[in-house]
Amino acid sequence: MLENIRIVLVNTSHPGNVGGVARAMKNMGLSDLCLVAPNDFPSEAAVVRASGATDLLDNASIVPELTDAVADCHLVIGASARGRHIPWPVIDPREMAAVVSEVRPELRVAIVFGREDRGLTNEELHCCHHHVHIPSVEGFSSLNLAAAVQVIAYELRMMALSGAAVEKPRWGTPWDIDLADSGEIERMFEHLERTLVDIEFLNPDNPRQLMPRLRRLLLRAVPDKVEVNVLRGILTAVNKKVGGG
């Protein structure tokens, strides 16, 4: 049940933290580690901190952008330690495990963690269907990266051990179409933004929060492949109607 879960670390500054994350993952039965533009990796410091989980380091994928890390994922959850200007669906680690339990094993899930000093950017969080927040005490809320991954990984393992996949499907009935993956979702948003500019609904010089709010709306729905294709078909028809090509 845990084989389809990918832990993604964005722009990690200290290689020792990568090793600590690898150890936390292996403790809980996770094995898919992806690093987005790490500052220092491979590194002996990572090997030392991994303490027997070096196979995860050896097999870790390294990519330049978050979109590359999650392109084949059907559910993306970003770790967030603070509130955002635009509210996004926020769940705690136990609720996150319940959400993940509803995803079929053949579909891939990404849990994304940001930089040690400032976490994920708003743009990176806007790539996520949900945000997960660890409810630490307000006076001392910052967790070490490996500790944060350990908390999340523990809840995922407890979900797997308890067989907590809900008997009732996510929408109350078996779904007929696979969920769209993150790559398909991103191409849809690019198409949507171009179309909104073409019809002069979106001013690229003063975009305000239009695209983040549309992202929140559509990601909250967790669209399937056909729904994404239908939306893109509508956008293509609009493009032709207004002469946008």
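Trainee: Which residue stands opposite Val 109 in β6?

Mentor: Keep in mind that this is a predicted model. β1 and β6 pair in the parallel sense, with five bridges between them. In that pairing, the residue standing opposite Val 109 is Ile 5.

Trainee: What about strand β4, is it enclosed or open, and why?

Mentor: Look at both faces of β4: Leu 75, Ile 77 and Ala 79 are buried on one side, and Val 76 and Gly 78 are buried on the other. So five of the five residues in 75–79 are buried, and for that reason the strand is largely enclosed by the rest of the structure.

Trainee: Which residue in β6 is the bridge partner of Ile 77?

Mentor: β4 and β6 (residues 109–113) run parallel to each other, paired over four bridges. One of the pairs joins Val 76 to Ala 110. For Ile 77, the partner in β6 is Ile 111.

Trainee: And in β7, which residue is the bridge partner of Ala 79?

Mentor: β4 also pairs with strand β7 (residues 130–132), again in the parallel sense, over three bridges. There, the partner of Ala 79 is Val 132.

Trainee: On to helix α5: what covers its buried residues?

Mentor: Start with what is buried in α5 (residues 93–101): Pro 93, Met 96, Ala 97, Val 99, Val 100 and Ser 101. An α-helix has 3.6 residues a turn, so residues three or four places apart point the same way. The cover over the buried residues of α5 includes β1 (5–10), β4, β5 (90–91), β6, β7 and α7 (145–162).

Trainee: Which residue caps the N-terminal end of α5?

Mentor: Look in the loop between β5 and α5, where Asp 92 lies. Its side chain reaches the backbone nitrogen of Glu 95 at 2.8 Å. A side-chain oxygen also lies 3.0 Å from the backbone nitrogen of Arg 94, and the capping residue is Asp 92.

Trainee: Is Asp 92 buried or partly exposed, and at what relative accessibility?

Mentor: Leaving aside neighbours within four places in sequence, Asp 92 is in contact with Val 132 and His 133. Buried would need a value under 20%. Asp 92 counts as partly exposed because its relative accessibility is 28%.

Trainee: With which side chain does the side chain of Asp 32 make a polar contact?

Mentor: Asp 32 lies in strand β2 (residues 32–36) and counts as buried because its relative accessibility is 17%. Leaving aside neighbours within four places in sequence, Asp 32 is in contact with Ile 5, Arg 6, Ile 7, Met 25 and Arg 108. The polar contact, at 3.1 Å, is with the side chain of Arg 6.

Trainee: How far away from Cys 34 is the nearest cysteine sulfur?

Mentor: A search of the whole structure turns up zero disulfides. Cys 34 is in none, and the nearest cysteine sulfur is that of Cys 73. A disulfide would need the sulfur atoms within 2.5 Å, but here the separation is 8.4 Å.

Trainee: At what relative accessibility does Cys 73 count as buried?

Mentor: Cys 73 is in no disulfide either, with the sulfur of Cys 34 as its nearest. Cys 34 counts as buried because its relative accessibility is 2%. Cys 73 counts as buried too, because its value is 0%.

Trainee: Which element gives the most to the largest nonpolar core?

Mentor: That core has 45 residues, and Ile 7, Leu 9, Leu 33, Met 96, Phe 113 and Leu 156 touch the most other members. With eight residues, the element giving the most is α7.

Trainee: How many residues are in the second, separate core?

Mentor: Cys 34 turns up again here: the members of this second core include Cys 34, Ala 69, Val 112 and Leu 125. Not counting residues up to four places away in sequence, Ile 7 touches Cys 34, along with others including Val 21 and Val 149. The number of residues in the second core is 16.

Terms used
Residues are numbered from 1 along each chain as its sequence is written. This is a predicted model: local features need pLDDT of at least 70, side-chain atom pairs count only at pLDDT 80 or more; totals for chains, interfaces and linings use all residues. Side-chain values use heavy atoms; hydrogens and water are left out. Buried means under 20% relative accessible area, exposed over 50%, partly exposed in between (1.4 Å probe, protein chains only). Helices (H or I, at least four residues) and strands (E, at least two) are DSSP runs, numbered from the N terminus. Two strands pair if DSSP finds at least two bridges between them. Contact means heavy atoms within 4.5 Å. A polar contact is a pair of N or O atoms within 3.5 Å; within protein, one must be able to donate a hydrogen and the other to accept it, and residues adjacent in sequence count only if both atoms are side-chain atoms. A nonpolar core is a set of buried Ala, Val, Leu, Ile, Met, Phe, Trp, Tyr and Cys residues joined through side-chain atoms within 4.5 Å.
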